[in-house]
Amino acid sequence: MHAVRIPRHGGPEVLEPVDLPDPEPGEGQVLVELAAVGVNFIDTYFREGIYPAPLPLVPGLEGAGTVRAVGPGVTTVAPGDRVAWTNVLGSYATLVVAPAAELVVVPDTIDLETATAVSLQGMTAHYLVHDTHPVAAGEDVLVHAAAGGMGLLLCQMLRAKGARIIATTSSEEKDALAREAGAHETLRYGDDLAERVRALTDGGGVAVVYDGVGASTFDASLASLRVRGVLALYGAASGPVPPVDPQRLNSAGSVYLTRPSLAWHVRTPSELAARAGAVFSAVAAGDLSVRIGGRYPLDAAADAQRDLQSRRTTGKLLLLP
Ligand SMILES: NC(=O)c1ccc[n+]([C@@H]2O[C@H](COP(=O)([O-])OP(=O)(O)OC[C@H]3O[C@@H](n4cnc5c(N)ncnc54)[C@H](OP(=O)(O)O)[C@@H]3O)[C@@H](O)[C@H]2O)c1
């Protein structure tokens, strides 16, 4: 099989194309031929060593493809089935062996590129909007990096719930995409961001901030919340947030801070199936659209990660094996 590997921690340049022996599925495992690989910010955290894992490592957690073989004991999928996943390390490859429990069957109405593009970020946006803070109609919300892969999906789901969406982006082109996805107001980042958010909310602040940017937005996010609002710090595109004194949450108005991740929101096969089903159904019904902002050959994974980290991209990036 062909893959892209991390031999040592470093910048995008360390990603190297390699040929490796074809893997075989063991007990409870499934061999899948990939149609598309999802590029996610978390892949860069593995490459940089922020998330420790033994090297050399084939990165990538997300993809979709066709089942080629199943190991002993697998009853949930069969050769020929079209499947997607969000938590199988080693997905930057033409073939991957996945635990059967990690796979969801892709409905016939959804092509495999779309399934890849919407799986990890779609289910993340779903738990953030329904579970981290169950958004109510009419609530003011703040979404950072609203034209990114996560941001565009969040805006659409928040709009469907009737929220009033204030969005941040870094350019006019990104503003336009955020508005198309449902944002009501768009703002640039900056020192006075929280004041501008308050000006748009009659001084009250927002019920929830969805912050996947991290270090550079954290202070403004906290200062933008209404009393007892929720800061959902779900990522660190600009770098990790330094340690926080809990007293700051009191001063900000007894606000709540959470650092959620998808793995804790798809913990059982039934929860995974329900969340994936909700996202796929929304796509099939035309209620959720996913913007594929870039397609790269598998061997150009370094270019994809470089583009993602340098804020040049919008929507979701895919690698095509
Ligand atoms: N916790 C979870 O369950 C979960 C799941 C999926 C993703 N995530 C997180 O969600 C975040 C977004 O992921 P994504 O894949 O959808 O990426 P993305 O939003 O498409 O790209 C990141 C965006 O962040 C903004 N940004 C602001 N400052 C930045 C900086 N210094 N460096 C790079 N980007 C910066 C940029 O938008 P502007 O140019 O408009 O500022 C950039 O386009 C990441 O932090 C990721 O780890 C978390």
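1. Let me start with the pairing of β3 and β4: strand β3 (residues 29-39) runs antiparallel to strand β4 (residues 62-70), and eight bridges link them. Strands here are DSSP runs of E with at least two residues, helices are runs of H or I with at least four residues, and both are numbered from the N terminus. Two strands are said to pair if DSSP finds at least two bridges between them. Within this pairing, Leu34 stands opposite Gly65 in β4.

2. A word on the model before going on. It is a predicted model, in which local features need pLDDT of at least 70, side-chain atom pairs count only at pLDDT 80 or more, and totals for chains, interfaces and linings use all residues. Residues are numbered from 1 along each chain as its sequence is written.

3. β4 also has strand β5 (residues 82-85) as a partner, again antiparallel, with four bridges. Here Thr66 has Arg82 in β5 as its bridge partner.

4. Now to the chain as a whole, which has nine helices and 15 strands. Its radius of gyration, taken over C-alpha atoms, is 20 Å, close to the 20 Å from the globule rule for 321 residues, so the chain is as compact as a globular protein of that length. That rule is 2.2 Å times the number of residues to the power 0.38. Along the principal axes, the C-alpha atoms fill a box of roughly 60 × 40 × 35 Å.

5. Of the 321 residues in the chain, 45% are buried. Buried means that 20 or more other C-beta atoms, placed from the backbone, lie within 10 Å of the residue's own; exposed means 12 or fewer, and partly exposed is in between.

6. The contacts are worth a look too. Two residues are in contact if their C-beta atoms, placed from the backbone, lie within 7 Å. Among contacts between residues at least 6 apart in sequence, 66% join residues at least 24 apart.

7. The domain assignment, whose bounds come from an automatic or database source, gives domain 1 (2-119 + 265-320) and domain 2 (137-259). Their C-alpha centres lie 28 Å apart. Nine residues of domain 1 are in contact with 12 residues of domain 2.

8. Leu142 stands opposite Ile166 in β9.

9. Some backbone details are worth checking on screen. Most residues other than glycine have a negative phi, and most peptide bonds are trans. The peptide bond from Leu55 to Pro56, however, is cis, with omega near -5 degrees. Pro56 sits in the loop between α1 (41-48) and β4.

10. Ala145 has a positive phi, near 50 degrees, and lies in the loop between β8 and α3 (149-160). With 27 C-beta neighbours inside 10 Å, Ala145 counts as buried.

11. Arg311 is not a glycine either, yet its phi is positive at about 65 degrees. You will find Arg311 in the loop between α9 (301-309) and β15 (316-320). Arg311 is partly exposed, because 16 other C-beta atoms lie within 10 Å.
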